[in-house]
Amino acid sequence: MMLTINDQQFQSRLFLGTGKYPNFDVQKEAVDVSETEVLTFSVRRMDIFDPEQPNFLEKIDMDRYQFLPNTAGAKTAEEAVRTAKLADASGLCDMIKVEVIGCDKTLLPDPVETLKATEMLLDEGFTVLPYTSDDVVLAKKLEDLGAHAIMPGASPIGSGQGIINPLNLQFIIEQANVPVIVDAGIGSPKDAAHAMELGADGVLLNTAVSGSDDPVKMAQAMKQAIEAGRLGYEAGRIAKKDYAVASSPKEGISVGK
Amino acid sequence: MKLHINGDVIELEQQMSTVEELLTHLGLQEKPLIIEHNQSILKKEDHSSREIQDGDQFEIVHFVGGG
């Protein structure tokens with residue numbers, strides 16, 4: 001089964017961030033190996049006195065990817081909407097990740113401004129994927145507004161702490177009628193597989209790959225972890241029991257009495 | 001002419017008449033970028049027709065790495 005967001009379909013359930021790689025060559029290889037179809041970007045002022053500065057967009061075959069720019073840097077809904085419109089004017093964007101940070105230390109999202117920005121961008125006709133906390137009620141409210149996917153954080157951005165509240169994520173996934181992409185806080189392939197086993201429709205990660213010792217190898221590990229987690233979810237894990245249940249038959253044992 | 005670009009005041013010796021001319025002057029004409037001119041965001045196809053004047057405000061942005 002493919003992942004569908006609004007009217008777009010994806011084979012890969014890994015969305016990959018493009019920040020903080022050691023260099024563009026490593027980044028390009030990591031992106032290739034990950035087999036991601038969705039790349040995230042940020043919008044920033046250009047250094048107009050350095051026309052030769054390389055840009056990652058020039059290194060990749062842009063037709064192969066859907067671009068999911070974020071509104072990072074915005075602290076209000078209005079700032080997020082402006083950033084989204086700037087990104088949209090590039091003509092390269094298919095979707096927008098609403099990211100309105102409410103706290104500089106934890107980088108946790110501002111729930112009120114996130115709701116507001118989501119509503120404003122939906123009104124403008126954007127395909128909107130809000131980055132949100134793992135708050136269950138807020139996730140529902142974002143969906144009710146018409147968000148095309150919900151992107152709850154596993155733990156604070158770049159922290160690598162993995163899923164700190166799996167129960168909340170499970171509630172969010174169970175109640176959602178739109179895709180749930182676990183975004184932020186993933187540290188290792190185990191975390192990515194965990195998110196997928198909980199029933200997430202995808203995972204968005206960046207630092208876990210770009211900040212690892214070998215981003216290319218980690219990109220492959222994440223791809224496989226997400227595939228494994230998804231298969232495990234679809235297969236349906238066994239129920240947990242308090243005591244052992246032998247997997248070998250009790251009958252016909254030939255030693256002892 | 002004097003322009004406000006990305007928060008800085010930029011003095012240019014030549015007079016520019018369109019956004020496209022300005023980009024060519026800066027060597028940025030082939031770059032994937034987005035321009036906001038006097039608070040209005042331009043599409044790429046508007047660059048050649050949008051006229052500019054002394055004192056105009058510009059934001060020139062592009063996509064950078066991010067998650």
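Buried here means under 20% relative accessible area. The legends below describe a predicted model.

**View 1. Strand β3 of chain B has buried side chains on both sides.** In this view, β3(B) sends Ile34(B) and Glu36(B) one way. Ile35(B) and His37(B) point the other way from β3(B). All four of these residues are buried. In a regular strand, side chains alternate between the two faces of the sheet.

View 2. β4(B) covers residues 40–41. It pairs with β3(B) in the antiparallel sense, over two bridges. Glu36(B) has Ile41(B) as its bridge partner in β4(B). Two residues lie between the strands of this hairpin. Asn38(B) sits in the turn and has a positive phi of about 45 degrees.

**View 3. Strand β3 of chain B also pairs with β5(B).** These two strands are antiparallel and share four bridges. Look again at Glu36(B): in β5(B), its bridge partner is Glu59(B).

**View 4. Strand β5 of chain B pairs with a strand of chain A.** The partner is β4 of chain A, residues 38–45. The two strands run in the antiparallel sense, with five bridges.

**View 5. A salt bridge links Glu59(B) and Arg45(A).** Their side chains meet at 2.7 Å, N to O. The rule finds three salt bridges across the interface of chain B and chain A. It also finds 16 residue pairs in polar contact there, with both residues at pLDDT 80 or more. On the chain B side, β3 (34–37) and β5 (57–65) are the elements that give two or more residues to the contact with chain A. The largest share, seven residues, comes from β5(B). By class, this side of chain B has 13 nonpolar, seven polar and five charged residues.

View 6. Chain B gives 25 residues to the contact, and chain A gives 33. Together the chains bury about 2,600 Å², with 62% of it on carbon and sulfur atoms. Which residues of chain B lose the most area to chain A? They are His62(B), Phe63(B) and Gly67(B), and together they account for 29% of what that side buries.

Methods: Residues numbered from 1 in each chain as written. Chains lettered and ligands numbered in written order. Predicted model: local features only at pLDDT ≥ 70, side-chain atom pairs only at ≥ 80, totals over all residues. Heavy atoms only, no water. Contact = heavy atoms within 4.5 Å. Buried area = accessible area lost by both parts, 1.4 Å probe. Salt bridge = Lys/Arg side-chain N within 4 Å of Asp/Glu carboxyl O. Polar contact = N/O pair within 3.5 Å; in protein donor to acceptor, adjacent residues only side chain to side chain. Nonpolar A, V, L, I, M, F, W, Y, C, P; charged D, E, K, R; others polar. Pairing = 2+ DSSP bridges. Buried < 20%, exposed > 50% of the residue type's maximum accessible area, 1.4 Å probe, protein only.
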